[in-house]
Amino acid sequence: MRVWTEELERTPGGLVFLDQWGSLRYASTTAFLAVIYAGQVEDPALAESYQTFALTQINYILGDNPRGASYVVGFGVNPPKNPHHRAAHDSPTNNIADPPQNSHELTGALVGGPASPDDFDWVDDRTDFIRNEVATDYNAGFTGALAEIVELAGSDFVPPPEPPTNEPPGDDPPAPGPVPGDPLTNAVTTQSDWGTGYCANVTVTNGGSGPVDWVVIIPIDGTLRDIWNAVGVVSDGELTAEGVSWNNIVQPNSSVEFGFCAERGSAAPPNDPPSPDPQPTDPPDEPNPDPSPDGSLSVELVTQSEWTSGYCADVHVRNTGTAPVDWVVDFQIEGTIRELWNALYTVTGQTVTAEGLDWNNLVYPNQPVVFGFCANR
């Protein structure tokens, strides 16, 4: 127990950190053991230190942390909404990305938590199993610790003099909002273009010194057909987009991403004002996608999570050529595909052949397309 209370690394917010995968389950289970052990030691000071240790870890989980947010679904301030749980997600297409938000609240579930000794190293993303897995062993120790703490609250135990709050530490907690001199920047990357429409990803980066409740305005060529991971409205050739409940705050030196698809109309594209005396012109040349890679595609597999009997990975397909490519790639896997998203695929032995969907089938020069899969070993 002394290793946990005195030797292990702690985050600046006080979480004792053992391992990246499910850091909160280790802390909460050890809190459970600590508060039980406190009732068995004869030294009152040592007993109180173990009780205090247990309270600090549980309070951190419930919201007393620099993020000012709970890690328990359905409880406290800004709790997780998208834990990795198939039934809570309830996808009609058996696709981990569809729908973007979980369909049901998995009330009371403890998510994995920060993946490093950085209090802000957490995102509400169901595809991030390291930070957002839920499991019976995660909740077992946590529930036991809560029960013991409730038991102590009914006895002579006196909690620490500073009760937990849901506010970040400091005299003046930062209020989300644009910070003067610290503007947001955004980068729009076209993922596919089929002439009468296109789809794009947008990366919003906070280069400032405080958290920002982000809103961005970007040009849009046509009418908005679909938008995900954000809400948006279009007016006069511009898309005004802002975050949803789980990604509305972008932390300093961090980014959030969203995407959209648009249908082109007859109006001139944004930033191309109509001529006062329009003249007949030839229509612009359409991109001429290369139907075969011809060595211009590179493929990189990036493992996102791994366990004894399986793993999940992202596949980055990048166009290293000079013309758009209607991409088809082959890559090797270990095991058998369990699910694959954002692409069509076939499997021959250990070789997977994947190709784009109607919204991401073109990969442009020096641009990537990303899809993912999970496999059983």
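The exercises that follow concern charged pairs and one threonine in a predicted model.

**Exercise 1.** Determine how many salt bridges a search of the whole structure finds, and describe the one formed by Arg-25.

Solution. 
- Step 1. In one of them, the side chain of Arg-25 meets that of Asp-137, with an N to O distance of 2.9 Å.
- Step 2. Arg-25 belongs to helix H2 (residues 23-38) and Asp-137 to helix H6 (residues 136-153), so this pair ties together parts that lie 112 residues apart in sequence.
- Step 3. Buried means under 20% relative accessible area, and exposed means over 50%. Arg-25, at 15% relative accessibility, therefore counts as buried.
- Step 4. Asp-137 has a relative accessible area of 39% and is therefore partly exposed.

**Exercise 2.** Classify both partners of the salt bridge between Asp-128 and Arg-131 as buried or exposed.

Solution. 
- Step 1. The side chains of Asp-128 and Arg-131 form a salt bridge of 2.7 Å, N to O.
- Step 2. The relative accessible area of Asp-128 is 14%, so Asp-128 is buried.
- Step 3. For Arg-131 the value is 18%, and this residue is likewise buried.

**Exercise 3.** Describe where Thr-11 is found and with which residues Thr-11 is in contact, leaving aside neighbours within four places in sequence.

Solution. 
- Step 1. Thr-11 occupies the loop between helix H1 (2-7) and H2.
- Step 2. With a relative accessibility of 4%, Thr-11 counts as buried.
- Step 3. Apart from neighbours within four places in sequence, the residues in contact with Thr-11 are Tyr-60, Ser-116, Pro-117, Asp-118 and Asp-119.
- Step 4. The side chains of Thr-11 and Asp-119 are also joined by a polar contact of 2.6 Å.
- Step 5. Between Thr-11 and Asn-65 the C-alpha to C-alpha distance is 9.7 Å, and these two residues are 54 residues apart in sequence.

How values were computed:
Residues numbered from 1 in each chain as written. Predicted model: local features only at pLDDT ≥ 70, side-chain atom pairs only at ≥ 80, totals over all residues. Heavy atoms only, no water. Salt bridge = Lys/Arg side-chain N within 4 Å of Asp/Glu carboxyl O. Helix = DSSP H or I, 4+ residues; strand = E, 2+ residues; numbered from the N terminus. Buried < 20%, exposed > 50% of the residue type's maximum accessible area, 1.4 Å probe, protein only. Contact = heavy atoms within 4.5 Å. Polar contact = N/O pair within 3.5 Å; in protein donor to acceptor, adjacent residues only side chain to side chain.
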